Amino acid sequence: MIARDASPLFRLTPYVLFGCMWLAAGIVPVLATGLPFAPAADIIALVGVFALARVFSALAAMDIGTSFGGLGARREMLIGFLAEPAMLMTLFTAAFISGSTQLATIVDTLAHREFAIYPSLAFAAVAFLMVLLAENARIPIDNPTTHLELTMVHEAMILEYSARHLALIEWAVAIKLFAYMTIGFAFFVPWGIAEAGNWAALPVALAALLAKLALAGAGLALLETLLAKLRLFLAPEFLSSAFLLGVLGMLIHFLVSG
Amino acid sequence: MNSAPAIAFQILQSVLVVLAAPLLMGWVNQCRAWLQNRSAP
């Protein structure tokens, strides 16, 4: 069922969202580095792909003119414009360490270096976790299971969708969470990842990925159980803290490396 | 980089992501239900 006044943009958006998330997940080194898609985009373009999906979802939410759609779109853009710089600062920290903004190069450098504790990466990891929670509509910024008008952000934007369109959006949301988690693994726990074409390393890479996903999923559930949802007006403080931690990570990298 | 095994890895990863992403979401929801002592009716 589709609203009478829906434009083609409304029908197109679920496919764009799914395509953007699938593209992002294809760029991120999930199982192996050196994949053919890897040179297609660096970390800046990756953030751009996520931003493109956000713009389309906000436009589609406003397209049919319901109050909930506009409300959700405004809140999503508020969170998005604060989360994107924090995300970039976080990724730049890892990019400075490896000397490249290409994801595959960063992962190669971090995975094959001698084991060392980077204080800058510790700051970046905390900032990245905060951005992951905000960007994926998780507690404490949003509640993916709520339908209370005072609190919902992402759900408010997709209230008018049903059937295959809603299924595609929910699938895209799941792929986005998967992509964010694998970006986190690639930057902060890159061990176990294979090189493209090395079939012998594939079982280890697959087992390592499944173990990391199981632990990260359980950790996310634990966080969501322990934390309460923040008021919307506290979201800028939360994301400003993430941005600050990202900048601190970069500064510490420059201080330590001299 | 664009050898046949690399392309096969890319296809494998793309399929894995699409199939595993909903399972990850389900795993998170299952863990949250366990932690909150909730179960399906």
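Which residues are buried in H2(A)? They are Ile43(A), Leu46(A), Ala53(A), Arg54(A), Ser57(A), Ala58(A), Ala60(A), Ala61(A) and Asp63(A). This is a predicted model. In it, 27 residues of chain A are in contact with 25 residues of chain B.

**Helix H2 of chain A**
- H2(A) runs over residues 43-63, which makes 21 residues.
- From first C-alpha to last, H2(A) reaches 30 Å, close to the 30 Å expected at 1.5 Å a residue.
- The cover over the buried residues of H2(A) includes H1, helix H3 (67-98), helix H4 (103-111) and helix H6 (154-157) of chain A.
- Gly65(A) follows H2(A), and the phi of Gly65(A) is positive, near 80 degrees.

**Where chain A meets chain B**
- Contact joins 27 residues of chain A to 25 residues of chain B.
- On the chain A side, the elements that give two or more residues are helix H1 (8-27), helix H7 (163-188) and helix H8 (202-226).
- H8(A) gives the most to this side, with 9 residues.
- By type, the chain A side divides into 21 nonpolar, 5 polar and 1 charged.

**Chain B**
- Chain B has 1 helix and 0 strands.
- Its C-alpha atoms fill a box of roughly 50 × 15 × 10 Å along the principal axes.
- Of the 41 residues of chain B, 27% count as buried.

**Cys31(B)**
- Cys31(B) lies in helix H1 of chain B, residues 4-35.
- Is Cys31(B) buried or partly exposed? Cys31(B) is partly exposed, because 19 other C-beta atoms lie within 10 Å, and a residue counts as buried at 20 or more.
- Neighbours within four places in sequence aside, Cys31(B) is in contact with Gly217(A), Ala218(A) and Ala221(A).
- Cys31(B) and Leu19(B) are 12 residues apart in sequence and 19 Å apart in space, C-alpha to C-alpha.

**The largest nonpolar core**
- In soluble globular proteins, nonpolar side chains tend to be buried together.
- The largest nonpolar core here has 96 residues.
- Met21(A), Ala86(A), Ala127(A), Val131(A) and Phe178(A) touch the most other members of this core.
- H7(A) supplies the largest share of the core, 14 residues.
- Leaving aside neighbours within four places in sequence, Val131(A) is in contact with Ala83(A), Ala86(A), Met87(A), Thr90(A) and Ala242(A).

Note on methods:
Residues numbered from 1 in each chain as written. Chains lettered and ligands numbered in written order. Predicted model: local features only at pLDDT ≥ 70, side-chain atom pairs only at ≥ 80, totals over all residues. Contact = placed C-beta atoms within 7 Å. Helix = DSSP H or I, 4+ residues; strand = E, 2+ residues; numbered from the N terminus. Nonpolar A, V, L, I, M, F, W, Y, C, P; charged D, E, K, R; others polar. Expected span 1.5 Å × (residues − 1). Buried ≥ 20, exposed ≤ 12 C-beta atoms within 10 Å, placed from the backbone. Core = buried A, V, L, I, M, F, W, Y, C linked by C-beta atoms within 7 Å.
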